[in-house]
Amino acid sequence: MNDKPIFIKNANELITLKGSSDAPLTKAGMNELHILNNGSVWIEAGKIAAIGTAEELKVKYRAKLESAMIVDAAGKIVLPGLVDPHTHIVYAGSRENEFNMRLNGATYMEIMNNGGGIHATTSKTREASHEQLFAESMKRLDSFLKHGVTTVEAKSGYGLDWETEKKQLEVAKRLNETHVIDIVSTFMGAHAIPAQYKENPDAFVDLVVTEMIPKVVEEKLAEFNDVFCERGVFTPEQSRRILEAGKQYGLIPKIHADEIEPYEGAELAAEVGAISADHLLRASDKGMLAMAQAGVIGVLLPGTAFFLMAESAKGRKMIDMGVPVALSTDCNPGSSPTTSLPFIMNLACMKMGMTPAEAITAATINAAHAINRSKEIGSLEVGKKADIVIMDVPNYMQLAYHYGMNHTDTVIKAGKIVVQGGSIC
């Protein structure tokens, strides 16, 4: 860690994604990385102060060169810090037994309906202390950081009662204050229907709408409101009610949509003006078109499909239809226990037909748009927060080519070096 100016020089490729802060990139725009060869960046006071060639910046900052920390990026690429817009990182317990069950033929919904899945993690999270959740989540964040991720969205949803939902959100808030990664919180009390409400799910919806959402806002615990719209979980009508209630209190709507089967979740996202609709493995053409027309970001989670041994979302088709696409790990204990966003980018190319350039766009500026942070992060532009990752590859194509590998060499967060040589400083 340091407070000196930082001079990153001589990058083989400086991937800026400039000019994309006002709206997420779509269609051909997702392939426009705006690369500066032999690019350099000057960082001061936690912000990007200048971008250009090494020679240009040496002249501009001649008087400050001796006091600056020099980071030689020769032979490497420099890009915005990666952004993960959909995680469930605050939880307790592990569900490797369910992995074995799926290998023997059980489905995700079968496991969940028999007390496993979200319900299993809910039980462990309810039992866990604040300190246990904090310590376990810190380890996950450290792993994210070593993979080049500098901002993470974190959902509640493993409480399904106010006490535990509040505990999760309070832990996320403390993590944001403690860890170098920025945490953006989402309330997801409507992640599943608790067992005691199985025969009367509308009563649980009433609880979420009339009691939980007002408390979340009163205690300033979240910025977004999410719901799992899926057959056997929350219906489109119940989901609409939850999302509209959140909007009345100032919470921005998100939605888990059309993951298991087509269920009009994508259409609902467009109708309520959600900032994003996530999963979308079974989204209809009508729903995808509605999202494109409404500007709803499709947050795709190919790691979840990979781990559940399911067909991935139609990423290629969505991009061609004009849906702005982002990528996420969906880090959670049941369906995507990973913190490697670079591997998710690999999967996006191999399983969803995205190009390497589109995958970078989806994990940086479009992901920043999906959590309402595009003015601060997601691209390398003067005045933005200096969240930067240096990857030890000579060109961006190799990020997709070398799948399952972590090429992260250096991570700079808000103008401070926090990972160097692949290790946390």
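Biologist: How do the residues lining the largest pocket divide into nonpolar, polar and charged?

Modeller: This is a predicted model, in which local features need pLDDT of at least 70 and side-chain atom pairs count only at pLDDT 80 or more, while totals for chains, interfaces and linings use all residues. Residues are numbered from 1 along each chain as its sequence is written, and side-chain values use heavy atoms, with hydrogens and water left out. As to the classes, Ala, Val, Leu, Ile, Met, Phe, Trp, Tyr, Cys and Pro count as nonpolar, Asp, Glu, Lys and Arg as charged, and the others, Gly among them, as polar. The lining of the largest pocket then divides into six nonpolar, five polar and one charged. Among the lining residues are Met112, Asn113, Asn114, His119, Ile193, Lys198 and Gly232.

Biologist: How much space lies in the largest pocket, and how many cavities are counted?

Modeller: Both terms rest on a 1 Å grid over the protein atoms alone: a cavity is a set of points where a 1.4 Å probe fits but cannot get out, a pocket is an open set with protein on both sides within 12 Å along at least five of seven lines, and lining residues have an atom within 4 Å of a point. Grid points are joined across faces, edges and corners, and a volume is the space filled by probe spheres set on the points. The largest pocket holds about 250 Å³. The count of cavities of 30 Å³ or more comes to three.

Biologist: Which residues lie nearest the centre of the largest cavity?

Modeller: They are Tyr108, His191, Asp330, Asn332 and Ser335, from a lining of 13 residues.

Biologist: Which residues line the second largest cavity?

Modeller: Pro342, Met345, Asn346, Cys349, Pro356, Ala359, Ile360, Tyr396, Leu399 and Ala400 line the second largest cavity. Helices (DSSP H or I, at least four residues) and strands (E, at least two) are runs numbered from the N terminus. Helix H13 (341-352), helix H14 (356-362) and helix H16 (397-401) are the elements giving two or more residues to this lining, and H13 supplies the largest share, four residues. Nine of the lining residues are nonpolar, one is polar and none is charged, around a space of about 60 Å³.

Biologist: Where does UniProt place the feature "binding site"?

Modeller: UniProt positions are given in the numbering used here, feature names are shortened, and annotations may be inferred rather than shown by experiment. The unreviewed entry places "binding site" at His86, His88, His256 and Asp330. These residues are spread over 245 residues of sequence, yet they cluster in space, with a largest C-alpha distance of 12.5 Å. From this set, His88, His256 and Asp330 belong to the lining of the largest cavity.

Biologist: Is His88 buried or exposed?

Modeller: Buried means under 20% relative accessible area, exposed over 50%, and partly exposed in between (1.4 Å probe, protein chains only). His88 counts as buried because its relative accessibility is 2%. His88 lies in the loop between strand S6 (82-84) and helix H2 (96-103). Contact means heavy atoms within 4.5 Å. Leaving aside neighbours within four places in sequence, the contacts of His88 include Lys155, Tyr158, His191, His256 and Asp330.

Biologist: With which side chain does the side chain of Asp330 make a polar contact at 2.9 Å?

Modeller: A polar contact is a pair of N or O atoms within 3.5 Å; within protein, one must be able to donate a hydrogen and the other to accept it, and residues adjacent in sequence count only if both atoms are side-chain atoms. The partner at 2.9 Å is Thr304, while the side chains of His88 and Asp330 make a polar contact at 3.4 Å. Asp330 lies in the loop between strand S13 (325-327) and H13, and is buried at 2% relative accessibility.

Biologist: What does Ser335 touch, not counting residues up to four places away in sequence?

Modeller: Ser335 touches Tyr108, Gly303, Thr304, Phe307, Leu308 and Asp330 on that count. Ser335 is also in the loop between S13 and H13, and its relative accessibility of 5% makes it buried.
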